[in-house]
Structures are given as structure tokens and as C-alpha cells.
Amino acid sequence: MNEILRINNLNLWYDSKQALQNINMRIYEHEITALIGASGCGKSTFLRTLDRLHDLTPIVRITGEVLYKGQNIYDPDIAVTQLRKQIGMIFQKPNPFPMSIYDNVAYGPRTHGISDRSQLDDIVENALRGAALWDEVKDRLRSSALGLSGGQQQRLCIARSLAVEPNIILMDESTSALDPISTGKIEELALKLKERYTVIMVTHNMQQARRISDRCAFFWLGEMVECAPTDQLFNQPKDVRTKLYVSGSMG
């Protein structure tokens, strides 16, 4: 079990309001780590700190470390473009670009300098296969991505992330806007993805966390209360707050 992320004494403030308090956590390769807790508890904010605060403003101050393979991603000398390649974010609502299915997936590789058509074709096909979408769209790659269903759009966004070959995939409630069938497909996909990637997901659905995560972290009022193997966290929690939350008595 190899560690890929280490979070040390992480604190974050919006203006004068502290949103994260002294977070210490380890993330391991080829696992699904689920972040659970009530709305506003800090789990989505924490997830976005792992992507160097993607679209998260305004931030007044952040202290502590987020170490990715031993390097602090908040080091001012780190290459943010390369970090984006290593850590991909999938948001709550599908956000395909207003362009073709093909161009959505090819966007990242092109940004990183790949222009050879044959190479791009291979990348697009492999990414769409990795997102379990190829068979559904292979005959309409030049059609607008906006014509896909919600579940297909979300898998397209996953394919777009896979196209740049990340090591970590962050999923911020990526099934909450989907119907049960599409949700099931995304869950099946997440289980397959962990064979090659590390997946960290925010979910309000505790049953989803129990179904597919290897490890689970419970957040409460900006604090990471407890992180443990999923079965242990739900069946033998160490903190009374965790016990009350997973039993439905709090939150």
C-alpha cells in the first residue's frame, strides 16, 4: 500500500472564516477514498485543495502542506500546468466544452503539445474506452458533446481527464445530478478506474460510500474527524461524532 498524498496540518480561511481546521490525512494508491459529512462541513473545500484550489476563490490564507509524491503542491515553484495533468477534477455537474465529443477528449493532450492526428485518435479512443463510453459514441465523435445525456456527459468529462493520463482523479459529488442508472454506471466505472488510478470522491450518499470506497473520511465543521477503512468507519467508529453521523442521529 503506497502513499500518494500526505496532508499535514492543513488549515484554510475564506476571508476571516476558517473553513478547514488542522487536517492530517494519508491517501493511498489504487484506492477509492470517500469523503462524507453534512453540507458545509468542508469536504468539497478539502477536495479542491488537492487540486491546488481549482476554481476556489477568494482565499486569504492557507497553511500546512499537501504533499504529492513528497512535494508540496503549494510550493510557489511548482509547475501548475503539470500538476493539473497529474491530478484531474470531475465536478458535480457535467461540464463538457461546447465542441465535439472528439475535441473534448483531445483538448488536454493538445494543450500539452500533442498534435499528431494518429496519436490523438488513439488517445481519444483509449480515454473513451477507459470511461466506458466508446461503444456509445464511436459513430458520432464529431457530434456536439452537448447532445449527450447527463450520464454520458459525466463519463465524457472523466474521459477528458483520463486523456492526459493523471495519477489521481478527484470526483466532487459527480453522481448527485444523475439518475440511478447513470449513477450505477459511474460507480462501476470508479471501481474499474482504481485499478490504474487513485480516486478521491465527495459524496452525500453514505450507501454509495459503503458500496465502493476502500477508505472513508468523515468531516464535521471543517475538521476531518476520522479516516479509516470503510467497514471499520461504519461498523466500529472511534469517534462518537462519527458514530452519530453514520447511524443517522446527527447531520
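**Helix packing and buried residues**

Helix H6 and helix H7 (residues 180–193) pack at an angle of about 20 degrees, and their axes are 9 Å apart. Helices (H or I, at least four residues) and strands (E, at least two) are DSSP runs, numbered from the N terminus. Axes are lines fitted to C-alpha atoms, for helices over the stretch in contact, and angles run from 0 to 180 degrees between N-to-C directions. H6 and H7 are therefore roughly parallel to each other; angles under 35 degrees count as roughly parallel, over 145 as roughly antiparallel, 65 to 115 as roughly perpendicular and the rest as oblique. The crossing of H6 and H7 is right-handed. A crossing is left-handed if the near helix is turned anticlockwise from the far one by less than a right angle, and right-handed if clockwise. On the side of H6, the contact is made by Gly 151, Gln 154, Arg 155, Ile 158 and Leu 162, and on the side of H7 by Ser 182, Lys 185, Ile 186, Leu 189 and Leu 193. Contact here means heavy atoms within 4.5 Å. By class, this contact of H6 with H7 has five nonpolar, three polar and two charged residues. Ala, Val, Leu, Ile, Met, Phe, Trp, Tyr, Cys and Pro count as nonpolar, Asp, Glu, Lys and Arg as charged, and the others, Gly among them, as polar.

The model is predicted: local features need pLDDT of at least 70, side-chain atom pairs count only at pLDDT 80 or more, and totals for chains, interfaces and linings use all residues. Residues are numbered from 1 along each chain as its sequence is written, and side-chain values use heavy atoms, with hydrogens and water left out.

H6 (residues 150–162) also meets helix H4 (residues 117–130): their axes come within 8 Å and cross at roughly 130 degrees. That angle makes H4 oblique to H6. The crossing of H4 and H6 is right-handed. Here Ala 127, Leu 128 and Gly 130 in H4 meet Leu 156, Ala 159 and Leu 162 in H6. The residues of this contact divide into five nonpolar, one polar and no charged.

H4 has a further partner in H3, and these two helices pack at an angle of about 115 degrees with their axes 9 Å apart. The crossing of H3 and H4 is right-handed. From H3, Tyr 102, Val 105, Ala 106, Pro 109 and Arg 110 take part, meeting Arg 117, Leu 120, Asp 121, Ile 123, Val 124, Ala 127 and Leu 128 in H4. This contact of H3 with H4 has nine nonpolar, no polar and three charged residues.

How many residues of helix H3 (residues 101–111) are buried? Eight of the eleven are, so H3 is largely enclosed by the rest of the structure. Buried means under 20% relative accessible area, exposed over 50%, and partly exposed in between (1.4 Å probe, protein chains only). The buried residues of H3 are Ile 101, Tyr 102, Asp 103, Asn 104, Val 105, Ala 106, Gly 108 and Pro 109. What covers them includes H4, helix H5 (134–137) and H6. Just after H3, Gly 113 takes a positive phi of about 100 degrees.

Ala 132 lies in the loop between H4 and H5 and, at 41% relative accessibility, counts as partly exposed. Glu 165 is found in the loop between H6 and strand E7 (168–172) and, at 58% relative accessibility, counts as exposed.

Consider next Gly 88, which is found in strand E6 (residues 87–90). At 8% relative accessibility, Gly 88 counts as buried. Leaving aside its neighbours within four places in sequence, Gly 88 is in contact with Ser 161, Pro 166, Ile 168, Ile 169 and Leu 170. Gly 88 and Val 199 are 111 residues apart along the chain, and their C-alpha atoms are separated by 9.7 Å.

The cysteines complete this account. The structure holds zero disulfides, a disulfide being a pair of cysteine sulfur atoms within 2.5 Å. Cys 41 is in no disulfide, and the nearest cysteine sulfur, that of Cys 216, is 11 Å away. Cys 41 counts as buried at 3% relative accessibility, and Cys 157 counts as buried at 4%.
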